[in-house]
Structures are given as structure tokens and as C-alpha cells.
Amino acid sequence: MKRNLKQRYISSAFILLVSTVIVKIISAVYKIPLTMYIGAEGRGYFSIAYNLCLPIHALTMGAFPIALTKLISSYNAKGDMNKVYALKIASKRLFFIIGIIGLAVMLVVSKPYTVLISSSPKSIYTVLALAPSVLFSCLCAVHRSYAEGFLDMKATAISQLLEALSKMIFGLLFARLTMSYLYECYYLNSSIFGITLNSEKEALSFIYPLTSASAMLGVTFGSIIAWLFAWVYDSIRFESKRVDRADVKNAYNELLSFSAMLVGATVIQSISNFVDTSGIQYFLSLCDENVLKTAYSYNGNDIYTYVFGVYATVLDFKNLVPSIVMALGVTAVPAISSAYENSSERFSSLLSSIIKYSVILSVMGGLILSLFYEEILSVFYLNSNADIVDNGSKILEYMGILILPCSVATTTVYVCNALGLAKNTIMPFIISMLSRVVLNFILVTNSDINILGSAVSNFVGFLVIVALNLITIRKKTNAKISIIKAFFAPVLCGTLTYFIMNYAKKYVEFSLIKFIFSVLICVMIYLILLILTKTLKIKEKLA
């Protein structure tokens with residue numbers, strides 16, 4: 001391994017981390033006015049569509065792009081550029097086929113899923129609006145993954161930013177125009193599209209699904225713009241050469257063969273996540289309707305969609321942490337692959353750093369969520385949707401406290417994939433899925449606990465994945481990972497910070513300035529404790 005590989009990894013990871021943070025901020029800002037238009041009930045329709053798309057997206061985007069990045073990185077490290085060029089050509093055809101299949105699956109299963117599993121037939125409009133994004137995401141992934149194979153994260157970072165901005169601009173524009181038009185139709189004619197509506201409540205119930213679908217079109221527009229940028233960036237930044245058809249065919253077969261190992265693992269991962277999210281929706285529907293209406297002070301007609309909408313809104317903030325940590329995992333694939341390919345003695349050092357940084361970021365994110373859960377929701381929703389603050393605060397607090405394994409699990413999966421150990425991640429996901437289903441059945445069906453139970457089931461399920469994946473990595477590579485430095489020390493520092501800040505919070509009244517200042521103080525205390533315990537070194541050696 002070249003001496004500067006770890007430096008390149010950290011530099012690439014930093015670029016992706018920054019872009020991910022900005023993307024998530026844009027997404028959070030975008031969803032505030034969106035929720036004003038469609039309410040918590042509309043967010044339920046929005047989230048149901050995503051829950052169907054995510055396993056399909058994970059299957060199409062989770063295996064093949066990682067395989068391409070891994071192979072590009074390996075052949076680039078060997079200096080075999082003919083193979084690199086052949087893989088690039090082969091991947092374009094393969095990813096197009098995968099995208100078409102993903103799009104077709106979304107269209108075929110949309111009605112059975114929305115009617116039979118989600119018990120929300122009106123959400124089919126958002127599913128259909130989202131479906132084309134699967135194809136364009138696959139086309140974009142060709143160029144992103146190719147660049148990532150060279151540890152160049154700019155294509156991924158910038159295309160993510162463009163996608164998020166486009167989603168926000170077009171999504172809000174379409175949602176506003178749709179809401180205004182449909183509500184005006186009701187106001188003037190007491191009907192929409194020739195359907196008579198007897199009250200405003202009935203009209204909004206008709207309008208919210210269509211407005212949600214219009215907003216979802218912004219996501220599809222964003223995926224198209226991201227693809228166009230990545231394509232242009234790839235064309236300008238990287239050289240392309242003609243390759244013999246036989247070499248392209250061999251590269252195509254090799255990409256398929258290598259992806260097959262990842263596909264099996266990704267299928268199980270997708271099924272696991274799908275079963276978890278669908279299980280939460282189903283088990284929630286088993287709760288006593290009147291108990292939920294009382295608990296959430298809800299007087300509408302669809303309490304289950306409403307509660308799931310509150311849950312989905314809270315997930316926007318909870319998912320910030322795993323998404324940011326995931327940047328380390330994405331960047332780890334070419335770095336780990338290159339280090340392991342060269343059998344470097346520095347492999348253990350790089351691996352330990354990746355795990356440690358993932359834990360540190362996870363604990364830091366968990367601290368902010370678990371300490372400032374009410375303040376976070378108040379900043380975004382107090383003036384527009386105060387009910388989300390009242391009903392979502394406790395959920396966000398629990399998620400923040402229990403977030404560590406939910407974030408680190410992704411990093412361990414990416415590391416296993418980079419090492420060619422994808423099949424070894426199958427059993428951890430199966431055990432995780434079963435444990436989450438059992439816990440959700442016990443907890444979520446309890447009307448007094450309901451959606452809060454998902455935080456506990458996720459903690460246990462992802463803890464299983466982290467533990468079993470680390471055992472696999474240790475056995476297969478003999479890599480030495482210090483549990484004390486990578487896990488115990490960051491968690492201990494985080495726990496001390498939590499108690500210090502939780503005590504200090506009692507004497508601080510809420511305001512936006514005080515909230516921001518408190519978050520900065522929290523982060524500073526945590527970083528100081530990390531430095532004092534030598535978990536984080538100011539001038540840490542990168543070699």
C-alpha cells in the first residue's frame with residue numbers, strides 16, 4: 001500500500017462527509033414546507049412510497065455499484081487499465097438493464113403493496129411518481145462507482161448535492177402548484193375532477209395523496225439531473241479507450257460473477273429492511289385505534305397513517321447520523337480493497353481508523369439527538385406543525401440514545417463487501433431481521449408503547465449485525481481492532497458528555513441562539529474528552 005493511501009481515504013471521506021451533511025440539511029429544510037403542504041398524513045403517503053422503493057433501490061444500487069468500485073480499484077492498483085476500460089463499457093449496459101428491471105418491479109408491486117401491506121391504497125400515486133428514479137439512479141451509479149474506484153468522490157458528492165437541490169426546488173414547486181390548484185377547485189366548485197366533496201376535511205383527504213405524488217416527482221427530476229452531471233463529469237475527468245469486444249464480454253461476465261456474491265447478501269439485507277419497515281406498519285395497525293387517537297390527540301380518519309407520518313418525520317433527523325457515517329463506509333470500499341490487495345501491514349491500522357471514526361461520529365450524532373430532541377423538532381415544526389413536536393419528541397429521544405449500532409452496522413457491511421466477504425453478511429441480517437420482527441411484534445402492538453418499540457428493536461437488530469460482522473472480519477483477515485479504543489472509549493466519553501449537558505440543560509431556556517450554542521458546547525466537550533483520553537489525537541499519524 002502506498003504511504004498516502006490512508007491520507008487519500010481520509011481526504012475522500014471528508015469530501016463525501018461534507019456533501020452528505022449539506023444534502024441532509026437541504027433535505028431537512030425541504031421537508032419543512034413540504035410537511036406544511038401535506039401534513040403528517042401526507043408525509044405518511046410519502047414515506048410509504050419510499051419504504052417500497054428502498055429495498056428495490058438497495059438491491060439495484062447496493063450490490064452492482066460496490067462490485068464495480070471494488071473491481072476498478074483492484075485493477076487500477078495492479079495497473080491493468082485495459083481491464084478498467086472494459087469494465088466501464090460493460091457496466092453501462094449492465095446497469096441500464098438493472099434499472100429497467102427495478103422500474104418494472106416498482107410498477108408491478110405498487111398496488112399489492114399499498115393495498116395489502118401498507119393498508120393505504122391512496123399512496124399508490126406517490127409510488128408511481130417515484131418509480132422512474134430507480135432507472136436514473138442506476139444510470140448515475142455507473143459514473144459514480146467508476147470515479148469511486150479511483151478514490152475520487154467528487155462525482156458522487158456533487159451529484160448528490162444537485163439531486164438534493166433539484167428535489168427540493170421541483171418537489172416544493174410541484175406540491176405548491178398541485179395543492180393550490182386542487183384546493184381552488186374544491187373552494188369554487190365543492191368538487192375535484194368531478195367528484196363531489198362534502199367538507200374541507202374530505203377535500204384534504206382527497207388532495208393530500210395527489211400533492212404527495214406531485215412532490216415525489218421532484219425526486220425523479222433530481223435523479224435525472226444527478227445522472228446528467230455524473231455522465232458529463234466522467235466524460236471530462238476520466239480517459240476512455242476502445243477495448244476489444246471479447247475483453248468487454250469478459251469484463252461483463254466478471255462484473256456479473258463478482259456481483260452475484262453481493263446480490264445474495266443484498267437481497268437478504270433488502271428483505272430484512274423491508275420486513276422491518278412493513279412489519280412496523282402492520283403491527284401498528286394492530287394497536288387499538290381509540291388508544292392511539294387519544295395518545296396522539298388525533299381527530300382525523302386515518303390514525304395509523306398519521307402515526308407513521310410522525311414516525312417518518314422523526315426519521316428524517318435520526319437518519320442524518322447513519323447517512324453521514326455511511327460516507328466512511330462508501331469511501332472504505334476502494335481504500336480497504338487496495339490495502340488488502342497489497343497485503344499491507346497497515347491494513348489493520350486503516351481498518352481500525354474507519355471503525356473508530358464511525359463510532360465517534362455515531363456517538364456525536366446520538367448525543368445531539370438524545371439531548372436536544374424537542375429543540376430540534378421545535379426549530380423546524382413548532383410554528384407549522386406543533387403536533388409533530390408534541391408527538392415526535394419522545395420517539396427522537398429514544399432513537400438518539402440507541403443509535404450507535406444503527407450507524408456502525410453500515411460501515412461493517414461495506415468493509416465486508418470490500419473484502420469479498422459479502423456472503424458472510426447474510427446470516428447476521430437474517431438473525432437481525434428475526435429479532436426485529438419478534439421485538440416489533442411484542443412492543444409495537446402494545447398500544448401504550450406503539451411506535452416507540454421500533455427504536456428498541458432497531459438497536460438490538462443492528463447490534464447483532466455489528467457484532468457478527470466484526471467477528472467475521474477478525475477471523476478472515478486476522479486484523480486487530482482495539483475494542484477499547486474503537487468502541488469503549490468513544491462511548492464512555494459520550495456518556496460523560498450526556499450527563500454533563502443534561503444537567504446543564506435544566507438551567508437554559510429554549511431559544512434558537514441558545515440551542516445552537518448548546519449544540520456547539522456539547523460537541524466541544526465530547527471532542528475534548530476524546531482528546532484527553534487519547535482516543536482522538538490532534539496530530540494523528542496518517543501513515
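This is a predicted model: local features need pLDDT of at least 70, side-chain atom pairs count only at pLDDT 80 or more; totals for chains, interfaces and linings use all residues.
**View 1. Residues that line the second largest cavity.** The lining of the second largest cavity is formed by L315, K318, M399, L402, I403, C406, S454, A455 and N458. Sorted by class, this lining holds six nonpolar, two polar and one charged residues. Helices α10 (303-318) and α17 (453-477) each contribute at least two residues to the lining of the second largest cavity, and α17 gives the most, with three residues.

**View 2. Crossing of helices α12 and α15.** Two packed helices are described by the angle between their axes and by the distance between those axes. For helix α12 (residues 347-371) and helix α15 (residues 404-418), the axes come within 8 Å and cross at roughly 155°. Because angles over 145 degrees count as roughly antiparallel, α12 is roughly antiparallel to α15. The crossing in which α12 passes α15 is right-handed.

**View 3. Residues in the contact between α12 and α15.** On the side of α12, the contact is made by L351, I354, I355, S358, V359, S362 and V363, while α15 brings L404, S407, V408, T411, T412 and V415 to it. Taken by class, the contact of α12 with α15 comprises eight nonpolar and five polar residues, and no charged residues take part.

Methods. Residues are numbered from 1 along each chain as its sequence is written. Side-chain values use heavy atoms; hydrogens and water are left out. Axes are lines fitted to C-alpha atoms, for helices over the stretch in contact, and angles run from 0 to 180 degrees between N-to-C directions. Helices (H or I, at least four residues) and strands (E, at least two) are DSSP runs, numbered from the N terminus. Angles under 35 degrees count as roughly parallel, over 145 as roughly antiparallel, 65 to 115 as roughly perpendicular and the rest as oblique. A crossing is left-handed if the near helix is turned anticlockwise from the far one by less than a right angle, and right-handed if clockwise. Contact means heavy atoms within 4.5 Å. Ala, Val, Leu, Ile, Met, Phe, Trp, Tyr, Cys and Pro count as nonpolar, Asp, Glu, Lys and Arg as charged, and the others, Gly among them, as polar. On a 1 Å grid over the protein atoms alone, a cavity is a set of points where a 1.4 Å probe fits but cannot get out, and a pocket is an open set with protein on both sides within 12 Å along at least five of seven lines; lining residues have an atom within 4 Å of a point.
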